[in-house]
Amino acid sequence: MMLKAPAHGAALIALVLLGACSEKEPSDAEAIAAVEAAQDGKPPVKPLELQPILYPDITQNKLHGTGCAFVADGGGLGAVLLAQDKRGVIKYGDHVQVLAPDVGSAKMPKGSYSRYTGKENAVTLTTVGPVTPVGTTEQFKGKMIVTDAFERPVYEATGDVQCKAI
């Protein structure tokens, strides 16, 4: 024998369920944004404050070699990038980060490359003007962009690049 709920019982259940849903529901755009944010999983962008790579850094980390040094406009005299044949080097928070050259990227003067990559950051150096030889040195105006592990820019500057033995 099968029991049937009275018709008004089903209506009562429907009203209770409707009442539970009557609280403000997120709009479709809000719901989509919430799902995308949950799937994104990226931390907020943290701009880098690059520090000059000084002689003690070069000596302690055995960074001598031939390559290019980038000095940002308005950043003083200290280079914030060393672009060499076997490595690229940046410094922030008193941490010297050594990056691997992207040997498939454009060749730059003195055996350097236009791109270097690492676990935390990647660096791209491009020429903005002509490369001018001055004795055994080559120099040019350049642009440097550092990206984070998610390929988002965290540092960008134009400046002077000198390529020589360091």
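Which residue forms a salt bridge with Lys141, and how far apart are the closest N and O atoms? Select Lys141 and Asp73: those two form the salt bridge, with the closest N and O atoms 2.8 Å apart. (A salt bridge here is a side-chain nitrogen of Lys or Arg within 4 Å of a carboxyl oxygen of Asp or Glu.) Lys141 sits in strand S8 while Asp73 is in the loop between strand S1 (66-72) and strand S2 (81-84), so the pair ties together parts that are 68 residues apart in sequence.

Before you click on, some ground rules. You are looking at a predicted model, in which local features need pLDDT of at least 70 and side-chain atom pairs count only at pLDDT 80 or more, while totals for chains, interfaces and linings use all residues. Residues are numbered from 1 along each chain as its sequence is written, and side-chain values use heavy atoms, with hydrogens and water left out.

**Zoom out: the whole chain**

Switch to cartoon view. The protein chain has three helices and nine strands, and along the sequence they run α-α-α-β-β-β-β-β-β-β-β-β. (Helices, H or I with at least four residues, and strands, E with at least two, are DSSP runs numbered from the N terminus.) Colour by accessibility next: buried residues make up 33% of the 166 residues. (Buried means under 20% relative accessible area, exposed over 50%, and partly exposed in between, using a 1.4 Å probe and protein chains only.) Of the contacts between residues at least 6 apart in sequence, 51% join residues at least 24 apart. (Contact means heavy atoms within 4.5 Å.)

A search of the whole structure finds seven salt bridges.

Now pick Asp85 and Lys86, whose side chains meet in a salt bridge at 3.8 Å, N to O. Asp85 is partly exposed, with a relative accessible area of 38%, whereas Lys86 counts as exposed at 64%.

**The end of S8**

Is Asp148 buried or exposed? Asp148 is buried, with a relative accessible area of 12%, and its place is in strand S8 (residues 137-148). Show its side chain and two partners come up. Arg152 forms a salt bridge with Asp148, with the closest N and O atoms 2.9 Å apart, and both of these residues are buried. The backbone nitrogen of Phe150 also lies 2.9 Å from a polar atom of the Asp148 side chain. Leaving aside neighbours within four places in sequence, Asp148 is in contact with Glu120, Asn121 and Val154.

Step back to Thr147, also found in strand S8. Thr147 counts as buried at 13% relative accessibility. Beyond four places in sequence, Thr147 is in contact with Glu120, Asn121, Ala122, Arg152, Pro153 and Val154.

**Two pockets**

(On a 1 Å grid over the protein atoms alone, a pocket is an open set of points where a 1.4 Å probe fits, with protein on both sides within 12 Å along at least five of seven lines; lining residues have an atom within 4 Å of a point.) The largest pocket holds about 250 Å³ of space. (A volume is the space filled by probe spheres set on the points, which are joined across faces, edges and corners.) Of its 14 lining residues, select the closest to the centre: Ala69, Val71, Ala79, Gln162 and Lys164. S1 and strand S9 (153-165) are the elements that give two or more residues to this lining, and S9 gives the most, with four. By class, the lining has nine nonpolar, three polar and two charged residues. (Ala, Val, Leu, Ile, Met, Phe, Trp, Tyr, Cys and Pro count as nonpolar, Asp, Glu, Lys and Arg as charged, and the others, Gly among them, as polar.)

The second largest pocket has a volume of about 180 Å³. Of the 13 residues that line this pocket, the closest to its centre are Lys46, Glu120, Asn121, Asp148 and Ala149. The lining divides into eight nonpolar, one polar and four charged residues.

**Last stop: Ile58**

Select Ile58 in helix H3 (residues 55-60). Ile58 is buried, with a relative accessible area of 8%. Not counting residues up to four places away in sequence, Ile58 touches Ile53, Leu63, His64, Leu82 and Ile166.

Notes
Polar contact = N/O pair within 3.5 Å; in protein donor to acceptor, adjacent residues only side chain to side chain.
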